[in-house]
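Here is a short walk through one protein model. Keep the sequence and the 3D view at hand as you read.

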Amino acid sequence: MSGFLPISKQDMKDRGIEQLDFICITGDAYVDHPSFGMAIISRVIESEGFTVGVIAQPNYHNLQDFQKLGKPKYAFLVNSGNVDSMVTHYTVAKRRRHDDAYSPGGKGGYRPDRAVNVYCQKLREAFGEEQPIIIGGLEASLRRFAHYDYWDDAVRPTILLESKADLLVYGMGELQTKEIVHRLANGESIKELTDIRGTCYLTEPVNTPWGAKECPSFDQVVASKESYAKACKIQFLEQDQITGKTVIQRHGNWMLVQNPPMRSLNQKELDRVYALPYMRTYHPVYEPMGGVPAIQEVEFSIAHNRGCFGDCNFCAITLHQGRHVTCRSEKSVLAEAKKLTQLPNFKGYIHDVGGPTADFRKPSCQKQNEHGMCRGKKCLAPTPCKNLEVDHREYLHMLRELRQLDGVKKVFIRSGIRYDYLIEDPDPTFMRELVEHHVSGQLKVAPEHCSNRVLDCMGKPHVEIYKKFMDRFYQTTKEVGKEQYLVPYLMSSHPGSTLKEAIELAEFLKKEHIRPEQVQDFYPTPGTISTCMFYTGYHPLTMEKVYVPKSSEEKAMQRALLQYFMPKNKPLVLKALRQAKRLDLIGTGPNCLVRPDGPSSNPQKQATKQTKGKRGTKWQKGKTTRKTGKRN
């Protein structure tokens, strides 16, 4: 019998199941791997003694797929998949994507836009208004309040109202799910589950709980951008698992209630989640279609932590996973690594031992465990907090143990480190071993910009810290006798960036001999401080006004400036420099970005040159790629 959960009536029959207790519906293909949220939730439900089936990427043009496993005894659980369906479908320029790594054969079109809404509406059509429906995952979690929708360029109400679901689980969800499934099984109605932390629900205003923190209503945030920014501030300040309060927001005749955040899993609980019997691959039904490409990035990777106190303003982790860092035990991580060595395709390389930020193992200070995170302050930006505790010893010991396992040739770190955290470590051992053992030629880091004005809007450390790290990295690389390079992720058109700041970044890149391959326009996705800035023109935590580049022309110029050396970008670079009255950067001098006429560089030489700049940064053919995963 297959170890996968039932996906058909035949699977149910083979297991002697007449009616499933719970049915999970997801916008991804069915991949039973702990890097897929629905895989974790379905296995957690199973571990609690319930039967659970999976409907992956149902055909949303009719009802048959939604009905194929029958009606669950207790509830449907719905998510859009690992990635927001709108981000999956559209580029930042709102152009339709044709591929989808989370679908069979990597092809797009298997899920609808706004998948959570569509799936829930189909379930209501198929099973009626009384059928309990619970939504969760990234798409639902980040749309739990009234939110700016970049694709509509409008404010939409809470996803609970649009989807007509009964309950929304925000955050990682294991503890909420456990409580929900047992209370439903014990006879409680879905409408009675109004006191579970880490959940949201709609109620009549008369039933609003006392003592809640109220943010401006849906009507108010639609009418006033200032009100939207104030609502955003309240929502973010109440996301701490220790100090967070109930938050409410009126939507016409309904009141949205967000209960305080659920606590993070402790280490024992986290270990148990990753020890569940995952098949660690996609369901064999996808084999004839070419499999599911997303497994390739995670098949031989290990997630050892959760949460991120880095708290970048453009990152959704704060509103989803939270800032409190928890981690698995070394024993749990080693046990998973041993499983990897036994997989048929394992070649001796563990691709990553990371998480939201690879080198975080503990909260940034002990105060957080009792008093929560500091309200309105960041641990690392613009400068590290004086209470920051930097310690890589536990992570380093775990990496050393992994390197010694039979069958393991190399252990890489690819999910990104916080260079501003690493550089604060007075012990150089981790830096040295990172460079010596865990970098596959290139180390990905995310300075994002060089203008401190823009970095403050991003919630990132100032550029001086990156320069310090860059010097230390190349010095260490030289000491161990290797040729390795930093790959900096950079972002154009973030709120706060005018053409002046974009040109400042281009000058910085030229001076430091950095020619970035990966450049990303700011993408205003729901649930981030930066998206609030983009829509309102206010920094919600300070209510200061922020410049926002919005026109396609200016965004194109800012993006081109980051890759000024590419011949195809020369017209836009010239236009930007002239518009900014920076004619001093047009010419043949050593500090100029482009020539006044003719190609800015010889395309043939540009394609073949592979020399080192003064900081050892690799010069490569200009190539623009779009990074869609986690940004540190």
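R114, D149, D152, R156 and E162 are joined in a network of salt bridges. The model is predicted. Across the whole structure, a search finds 37 salt bridges. Side chains of opposite charge can pair when their charged atoms come close.

Start with R183 and D195. Their side chains form a salt bridge at 2.8 Å, N to O. The pair links distant parts of the chain: R183 belongs to helix α8 (residues 174-185), while D195 lies in the loop between α8 and β9 (199-203), twelve residues apart. R183 counts as buried, because its relative accessibility is 15%.

Next come R403 and E433. Here the salt bridge spans 3.3 Å, N to O. R403 sits in helix α16 (residues 393-403) and E433 in helix α18 (residues 429-437), so the bridge ties together parts 30 residues apart in sequence. E433 is at 12% relative accessibility and therefore counts as buried.

R418 has 2% relative accessibility, so it is buried. D420 has 1%, so it is buried too.

Now turn to the rings. The structure holds 26 aromatic pairs. One of them joins F309 and Y421: the ring centres are 5.9 Å apart and the planes stand at 65 degrees, so the pair is edge-to-face. It links distant parts of the chain, 112 residues apart. F309 is in the loop between β15 (305-306) and α13 (317-320), and Y421 is in helix α17 (residues 419-422). F309 is buried, at 0% relative accessible area. Y421 is buried as well, at 4%.

Other rings gather in a group. Ring pairs link Y148, Y150, W151, Y228, F522, Y523, F534 and Y535 into a cluster. Charges sit over some of these rings. The charged end of K94 lies over the ring of Y150, 4.5 Å from its centre. K550 lies over the face of F534, at 4.8 Å from the ring centre.

F534 and Y535 also lead us to a helix, for both are among the buried residues of α22. How many residues of helix α22 (residues 529-536) are buried? Eight of its eight are, so the helix is mostly covered, with buried meaning under 20% relative accessible area. Its buried residues pack against several elements, including β6 (147-149), β7 (154-156), α9 (218-223) and α10. After α22 comes G537, whose phi is positive, near 80 degrees.

K230 is partly exposed, because its relative accessibility is 42%. Beyond its neighbours within four places in sequence, K230 is in contact with P216 and M543. K230 and G211 are 19 residues apart in sequence and 19 Å apart in space, C-alpha to C-alpha.

Finally, step back to the whole protein. It has 25 helices and 24 strands. Its C-alpha trace spans about 75 × 60 × 50 Å along the principal axes. Buried residues make up 60% of the 632. Of the contacts with a separation of 6 or more, 75% are between residues 24 or more positions apart. The protein exposes about 25,900 Å², and carbon and sulfur atoms supply 49% of that area.

Terms used
Residues are numbered from 1 along each chain as its sequence is written. This is a predicted model: local features need pLDDT of at least 70, side-chain atom pairs count only at pLDDT 80 or more; totals for chains, interfaces and linings use all residues. Side-chain values use heavy atoms; hydrogens and water are left out. Buried means under 20% relative accessible area, exposed over 50%, partly exposed in between (1.4 Å probe, protein chains only). Contact means heavy atoms within 4.5 Å. Rings of Phe, Tyr and Trp (its six-membered ring) pair if their centres lie within 6.5 Å; planes under 30 degrees apart count as stacked, over 60 as edge-to-face and the rest as tilted. Helices (H or I, at least four residues) and strands (E, at least two) are DSSP runs, numbered from the N terminus. A charge sits over a ring if NZ of Lys or CZ of Arg is within 6 Å of the ring centre and within 35 degrees of the ring normal. Accessible areas come from the Shrake-Rupley method with a 1.4 Å probe; for residues, only the protein chains shown count as cover. A salt bridge is a side-chain nitrogen of Lys or Arg within 4 Å of a carboxyl oxygen of Asp or Glu.
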